[in-house]
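Subject: Structure handover

Dear colleague,

Please find the structure below. My notes on what was found in it follow.

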Amino acid sequence: MNLQVAHPLGYFRPTTVHEVIEIIKTAEEKSYKVKAVGSGHSFSDVALTRDYLIDTHGLNKVLPVGRLSLKPTVEPRNLFFTECGILIHELNAALDAENKALPNMGAYTGQTIIGAISTSTHGSGITLGPLASMVEAIILVGEAGEVFQIERTAGISSGPIAIEGVSVKFIRDDAYFLSSVISIGCLGVVYAVVLNVCDSYLLREDRIFSNWDSVKQKLQQGDILRQNRHLEVLINPYELPGKEKHSCLITQRNICPPDTKTNWFRLHRAVLYTIIGWFVPDFVMNSVLRFLFNTFPKLTPAIIQTSLKTLRDGCYIDKSFKVLDLGKANNISAYSTEIAFPSNQYINAVDALFGLFEKIAHDGGQYITSPFSLRFVKSSDHYLSMQYGEPGDFVCMIEFPVLNGTVGGIEILARIEAEMYKFGGIPHWGQYNHAGIGDETLSALYPKFGAWMEVYRKLCPNGTFQNDFTERCRIIS
């Protein structure tokens, strides 16, 4: 089931920044719009266009940091310079070859790095911001093929990068930087990015079975958030008769000393989880689950309970990017909605969700077909980040996956989104959402939307990068 399909007038796969420049110039000469896309991992319409579509996978080279005009006081050791279309798993491999790693990442590695950054993709941990927090500089191709290097006011460079045959305009300004890093493709085509990375490190992952009443108490006390580098909670949306109310799986991840021995005898996580991954093809698993959910919907709570128990595990240790990658579960054919909640509202939102799920199941026999997850992310200062907030605070990202082809999935997600606005929820750009439609305008959701629009109108006065998505979100030059 494809939630979004595009049939663009022109499809391009450039391999150089010069080709990107020419594509944009040609589009403008013919009065067409331009949209750059990565791996098409978004479930929303954020990547659609009917005009010119730029596939960025050909822009996947690692670039030498030495090409940057760094300030003498800037240490280049932990800077990593790459083109926009490199896949995250390719980036991980390139970093690992240099004994480096991303400080944090999401659970999936098939996205392009800029596709993930520009939609405010995140990992988990109240001391760790979204991927955009790693960005030190971006190279952006805007209207008329003009190229910009954009950094914070106190940025890392003393001048722009030299690109043969191209004039690069150097912008060192907080407002431009905080608008352009998470810009959902509206300001132009990001050609390259400079990331702040770290030395390679090991993570230990423990997965503990619990219940919502116990987890809720720990979250309210706060120690479980402060004592773990990463914390995630998977929750059964339903109660089972005679069982603990709303079973949970707590995932805790923490850095290990460099000399810690890894689990060399384990390929990935829990034994049962690994065996199922080995011997059950993805299409078989998807088909069996879809049949069970649609034919016997009342079994949904028990199926979810079984899946949570399957994921229980203790002491999985490996390199950070291997532990953070969710692995086999990413192959389940699904779509989802994800919503950011303020730190003082997410528990109330979870409690309200239980009532919503019970009502939908009782009144219409419709069930959400997966546990929903809580992840905790340090607040961001980027204007269009769902995690935007006060320094030192955090947000809770709650994700609601639905198996493709199961009855009522789209409708359930729409009900969830409508209910969650009551708790200050902000939908993820790249996940299924209706942001910008009706009363929930972006001005209401994003305190800095006005400031972002000021930068947008300066960089894109002609609307070259507009599409249906920008129109519904009222992003109009």
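A residue is called buried when its relative accessible area is under 20%, exposed when it is over 50%, and partly exposed in between, using a 1.4 Å probe and protein chains only. Lys216, with a relative accessible area of 22%, is therefore partly exposed.

The model is a predicted one: local features need pLDDT of at least 70 and side-chain atom pairs count only at pLDDT 80 or more, while totals for chains, interfaces and linings use all residues. Residues are numbered from 1 along each chain as its sequence is written, and side-chain values use heavy atoms, with hydrogens and water left out.

Salt bridges

A salt bridge here is a side-chain nitrogen of Lys or Arg within 4 Å of a carboxyl oxygen of Asp or Glu. Searching the whole structure gives 17 of them.

Lys216 is in one of these, with Asp351, and the closest N and O atoms are 2.8 Å apart. Lys216 belongs to helix α5 (residues 212-221) and Asp351 to helix α11 (residues 346-364), so the pair ties together parts that are 135 residues apart in sequence. Helices (H or I, at least four residues) and strands (E, at least two) are DSSP runs, numbered from the N terminus. Asp351 counts as partly exposed, at 30% relative accessibility.

Asp206 and Arg204 also meet through their side chains in a salt bridge, at 2.8 Å from N to O. Asp206 counts as buried at 16% relative accessibility, whereas Arg204, at 34%, counts as partly exposed.

A further salt bridge joins Glu338 and Arg375, whose closest N and O atoms are 3.2 Å apart. This pair links distant parts of the chain, with Glu338 in strand β18 and Arg375 in strand β19 (residues 372-378), 37 residues apart. Both count as buried: Glu338 at 2% relative accessibility and Arg375 at 9%.

Eight strands form an open sheet with antiparallel pairing, in the order β17-β14-β16-β15-β19-β20-β18-β21. The edges are β17 (313-319) and β21 (426-427); each has a single partner strand, so one side of each is left without a neighbour in the sheet. Two strands pair if DSSP finds at least two bridges between them.

Strand β18 (residues 334-342), which holds Glu338, pairs with strand β20 (residues 394-403) in the antiparallel sense over nine bridges. Ile339 stands opposite Ile398 in β20.

Regards
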